[in-house]
Amino acid sequence: MKKFTLKRTAATAIALAALLNAAPLSALAANASASAKTTASQASVSIPASSVTLTFSNSGVTASGAESGYKIEGTALTINESGVYTITGACTEGSITVKKGTTGVTLILQDLTLTSSTTAPLSCNKTSDVTLYAVGSVTLTDKEDPANEDAEEFEGAVIKVKSGASLTISGTGTLNLDGSACKNGVKGAASSRITVEGSVTVNVKAANNGIAGDNAVVIHSGTVNITAGNDGIKAEPDEDDAESAGTVTINGGKITIDAQGDGIQGTGDVVITGGAFDIKTFGGASNARKLGTDDSAKGIKSDSAVLISGGTFTLNSADDAVHSNGNVTVSAGTYTVTAGDDAFHADYDLTLGEKGGSGPNITVSSSYEGLEGARVILNSHYGL
């Protein structure tokens, strides 16, 4: 019989403010359908045909094909009409900008290497709508000087998605985003939306946040690898932003995060329905005592609610592994947890399983408290 397993240490406890709806705590069997979700099938990707190829070099950008829809100024390329554009080449000081309000833009980045020290290598300006296909190996590097953060032209991200804009990242290749010398990998502003799908591999290195948006971050599939000096995946509006939801939604894919702050964090709901996750925060549980009073290094965190209905999770956090300032609901999935603080923590209701269900399958190798909530609700047939 499969169990909820707690390898007890001196600091391990289960906090039960209330135990509701608990049938005999027996099997915490893995849900077969949830297991099938842990390695999300990668959607087949059809790369559209383009009417123009734009090739970067250190001396400029050359065009082959259509003569409209774009503007070239030295090594700065601006897309100003809807359409499909293939962009390739290499440039040590260049940039791509999608003009404000331009929708229906498809950028096929094919074997492109692009670096900028004056702005983001790729900017999706306000209310633009952009789909990015990575083909082959694509590397974008932001070398802006963080000392210039207060300057008007400073973007602070390898890819900047401005207010009201949407960016969908897809493709069959590898997209390397290097923000380690400046700030963020991908940064979305108010009311923006950032989506990852297809079979693309996205590798992010960031001095601050890996993939962050004020409004919504959505991952359907693909492989996402993030190393971040702060949070891995983040959705958090500015204090004066009343429009953005601050939500993170993950429906599949393979996600690996090594973050000094939180692994996945949302001001709004964090909703996960499937995927394979390997998340380490602040170097792991062994570094819990090194956390400062104001530091947060949780594996999965929401200020609102965490709702997980499938996936496989390896969580090694210096702080709580799964945490919400509201409710946490975990109905299925497989979890291997090492936590410097709580394994699962909710300020209000912590609910595991569904009535009549058989999951989730949880192994906590070490933690301070295994389960903590104002109410702890166990709906499956668990055995401790």
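Which residues is Thr-168 in contact with, leaving aside its neighbours within four places in sequence? The first legend answers this. This is a predicted model, in which local features need pLDDT of at least 70, side-chain atom pairs count only at pLDDT 80 or more, and totals for chains, interfaces and linings use all residues. Residues are numbered from 1 along each chain as its sequence is written, and side-chain values use heavy atoms, with hydrogens and water left out.

**View 1. Thr-168 and its contacts.** Thr-168 sits in strand 14, residues 166–171. Strands (E, at least two residues) and helices (H or I, at least four) are DSSP runs, numbered from the N terminus. Leaving aside neighbours within four places in sequence, Thr-168 is in contact with Val-130, Thr-131, Leu-132, Thr-195 and Glu-197. Contact means heavy atoms within 4.5 Å. Thr-168 is buried, at a relative accessible area of 18%. Buried means under 20% relative accessible area, exposed over 50%, and partly exposed in between (1.4 Å probe, protein chains only).

**View 2. The largest pocket.** Its volume is about 430 Å³. Of the 23 lining residues, Lys-187, Gly-188, Ala-189, Asp-214 and Asp-238 are the closest to the pocket centre. On a 1 Å grid over the protein atoms alone, a pocket is an open set of points with protein on both sides within 12 Å along at least five of seven lines, where a cavity is a set in which a 1.4 Å probe fits but cannot get out; lining residues have an atom within 4 Å of a point. Grid points are joined across faces, edges and corners, and a volume is the space filled by probe spheres set on the points. Strand 16 (184–188) and strand 19 (211–213) each supply at least two lining residues. Strand 16 gives the most, with three. The lining divides into eleven charged, seven polar and five nonpolar residues. Here Asp, Glu, Lys and Arg count as charged; Ala, Val, Leu, Ile, Met, Phe, Trp, Tyr, Cys and Pro as nonpolar; the others, Gly among them, as polar.

**View 3. The largest nonpolar core.** This core has 79 residues. Strand 9 (residues 105–116) gives the most to it, with five. A nonpolar core is a set of buried Ala, Val, Leu, Ile, Met, Phe, Trp, Tyr and Cys residues joined through side-chain atoms within 4.5 Å. Residues with the most contacts inside the core include Ile-96, Ile-300 and Phe-344. Beyond four places in sequence, Ile-300 is in contact with residues including Ile-264, Val-270, Phe-313 and His-323.

**View 4. A cluster of rings.** Ring pairs link Phe-277, Phe-313, Tyr-335 and Phe-344. Rings of Phe, Tyr and Trp (its six-membered ring) pair if their centres lie within 6.5 Å; planes under 30 degrees apart count as stacked, over 60 as edge-to-face and the rest as tilted. The count comes to three aromatic pairs. Phe-277 and Phe-313 are stacked, 4.6 Å centre to centre with 5 degrees between the planes. Phe-277 lies in strand 27 (residues 276–281) and Phe-313 in strand 30 (residues 312–317), 36 residues apart. Tyr-335 and Phe-344 are edge-to-face, at 5.7 Å and 75 degrees. Tyr-335 is buried, at 0% relative accessibility.

**View 5. Positive phi at Asp-111 and Thr-127.** Most residues other than glycine have a negative phi. Asp-111, in strand 9, has a positive phi of about 45 degrees. Thr-127 has a positive phi of about 60 degrees. Thr-127 is in the loop between strand 10 (122–124) and strand 11 (129–135).
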